[in-house]
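Dear colleague,

Please find below the structure that I am handing over to you.

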Amino acid sequence: MDAFISALATLTNGWVMLAALGGVVWGIFGGALPGISPSIAMALLLPFTYGMDPTVALVMLASVYVGAEYGGSIPAILIRTPGTNSAAATTIDGFELARQGRAGEALGISLMSGLVGGLFGLLVLVIATEPLARVALAFTPPAYCALGILGLSVIASLSGRSLVKGLIAGILGLMIATVGTDPVSGVSRFTMGVPDLLSGIRPILIMVGLFAVAEMLEQISAPAWNKADRRDTRLKLPGLAVWRRLWKPQAIGCAIGTFEGVTPGAGGTIAAFMAYNEARRWSSKPEEFGKGSVEGIAAPEAANNVVTGTALVPLLSLGIPGSNSAAILLGGFLIHGLVPGPMLFVKAPDVVYGLYVGLFAANILMVLVGLVILTPCIWLVNRPKPWLIAFILALVMSGVYAIDNSVFDLGIVLTAGVVGYVMRRCGMPMLPMVLGVVLGFLVESNYRRSLVLSRGDHSIFIEDPVSLGLLLAAVALTGYSVWREYFKPQSKEAIA
Amino acid sequence: MTLSRDDLLGLGMIVLAAAYWAAADQIPVSLLSDAVGADGVPKVLAVALAICGALLLLTTRLKRQPAEAPSSDRDEKRAHLRAAGLLAGLVAYIFLLPVLGYPLAIALLIAAVAIYGGTRIRPSVAAVAVAGSALFWVFFVKILGIGMPTGIWAAGF
């Protein structure tokens, strides 16, 4: 209760509100730039959160996620180019409305549906997370190891088109996690005599390299995107008559976004397309879909904004990041010495409740900022791409150096960027690698600690009921993914 | 026989697994070590990677996917070269940073990337790069208090 009251006090904390505002603004700009996904926008900010108070830092990162999901719809509506993957479904009817001179109306519907979705997702997050985490409070080393394995089993559902490639990416991530000092004996492993590697490779460097640098290496040869027209882009919020048409597709978006958000690997893109399809199925005017339907914007925008809240449920309760953006937020927790999962509600409840309050503020601020940011967004989208790439890379190189005043870190980020570029070209998903890097230490250290406790007897993992349950869940999750890979290929979705 | 990209990836992973195993084998045994040992988990990972590499080779053959010749497409080659050029610029930045100092190095990086990306060389490029550098300098050094390298101009700062 004390933590909850202190969280409410967060609303009056100027730094938190400033972080939420800054995060939303940055997120909207990032989301509005095609090629800059919410996770990349978050990764670019990650190095700057080092010196911040944990609550301020996490609120800022989460606010970027909220802002980017709305920002992605701006170019989707104006120039038929989704700023984020999850805004792709919005392009269908959004751009049609823009062609009819109703771009401002489309943007208004997108903004308000995003608000409805964002607040609903936050409600689900608040209600579902703590009970789930409470169950996991009785964790022992074998249970923590099993939890890590359950997290790694998510790789199977994050593998996109090829399960084997996802597994390879996950194993490579685990290998990166073994670099440094051995957690039990203290001997150095795979450091090649380089002192900078003794403390291991920070996950943040891998994330920034895989997401941001690799994207810039791709973008340097990609064609320029279209220019946005300043005409007809005055934002117009929906009136009461339009709201009457919007509640049903928004409800559909909220329901689907909730389910897809808590399911690791599903994410906002799938949720948005599913919501679009279902909204058309249940609409009284299905013939309008594809020709400029307001419902065709409301459903996907509500769905992908619900995911900004619900995707954090498995992260906060079990420490399992189910999406790229959740993985970056996990990096934000780790930077501040916080480990999401069962103990988070015991060790740092104020941070968790502060994050809830920050997310609430971010959703409200999204509307206020959304009303005034359109003109600067159009200006930014119309900047020449070479300049955008130049400034983004300058920001990356400066931010990474600032983490530890280390030129060596810049080398690691560039190496990770090259690895990310090669992985993209080979059709390998990147999130499994991030999972491997993040969870590798947790799994290995608790596995070996458990065996020390049991004097080398592996049965400790099935004698502990929590561990057994988590391992069975991991087997079930992997089994389902294998079945989907080899027996139901037509239903596969490219998540990476 | 033309090897597809997945074939090359599978083979590459098997080679990497062998190298990783060999490196794990070189890890010294500590008196404080447990039953698993510092090399235990890495060796399991090496085996898993080799199996996955072999599986990738196998599934590529079983699925009889059309063999796409690696780097046969001219556009793709061009894209790789463009990416390599950008990477070379970033590597140069890493080497120049301690020598030239942050303000000059970051200005050069901004200008070089913009020109490499297709911006025409003209005085405004230098002006924007210098302005960008000043902006980054104020943000990182003056506002965040980060000790950025001053390079050979150290005496001047």
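**Contact between the chains**

Between the two partners, 49 residues of chain B are in contact with 43 residues of chain A. On the side of chain B that touches chain A, at least two residues each come from helix H1 (5-25), helix H2 (40-62), helix H3 (74-100), helix H4 (102-116) and helix H5 (123-143) of chain B. The helix that gives the most to this side is H3(B), with 12 residues. By residue type, the side of chain B that touches chain A consists of 37 nonpolar, eight polar and four charged residues. Please bear in mind that this is a predicted model.

**Domains of chain B**

The domain assignment divides chain B into domain 1 (5-62) and domain 2 (74-156). Taken over C-alpha atoms, the centres of domain 1 and domain 2 of chain B are 38 Å apart.

**The largest nonpolar core**

The largest nonpolar core holds 220 residues, and those touching the most other members are Met207(A), Val208(A), Ala275(A), Leu393(A), Val434(A) and Ile110(B). Helix H19 of chain A (residues 385-404) provides the largest share of this core, with 14 residues. The core lies between domain 1 (5-62) and domain 2 (74-156) of chain B, because both of them give residues to it.

Leaving aside residues up to four places away in sequence, Ile110(B) touches Ala390(A), Phe391(A) and Ala394(A) in chain A, and Ala129(B), Gly132(B) and Ser133(B) in chain B.

As general background, nonpolar side chains tend to be buried together in soluble globular proteins.

Phe190(A) is not a glycine, yet its phi is positive, at about 55°. Phe190(A) sits in the loop between strand S2 (188-189) and helix H10 (203-219) of chain A. Is Phe190(A) exposed, partly exposed or buried? Phe190(A) counts as partly exposed because it has 19 C-beta neighbours inside 10 Å, whereas a buried residue needs 20 or more.

Arg455(A), also a residue other than glycine, has a positive phi near 55°. Its place is the loop between helix H21 (431-453) and helix H22 (460-463) of chain A. Arg455(A) has 8 C-beta neighbours inside 10 Å and therefore counts as exposed, the limit for that class being 12 or fewer.

With kind regards

Definitions and conventions: Residues numbered from 1 in each chain as written. Chains lettered and ligands numbered in written order. Predicted model: local features only at pLDDT ≥ 70, side-chain atom pairs only at ≥ 80, totals over all residues. Helix = DSSP H or I, 4+ residues; strand = E, 2+ residues; numbered from the N terminus. Domains from an automatic or database assignment. Contact = placed C-beta atoms within 7 Å. Nonpolar A, V, L, I, M, F, W, Y, C, P; charged D, E, K, R; others polar. Core = buried A, V, L, I, M, F, W, Y, C linked by C-beta atoms within 7 Å.
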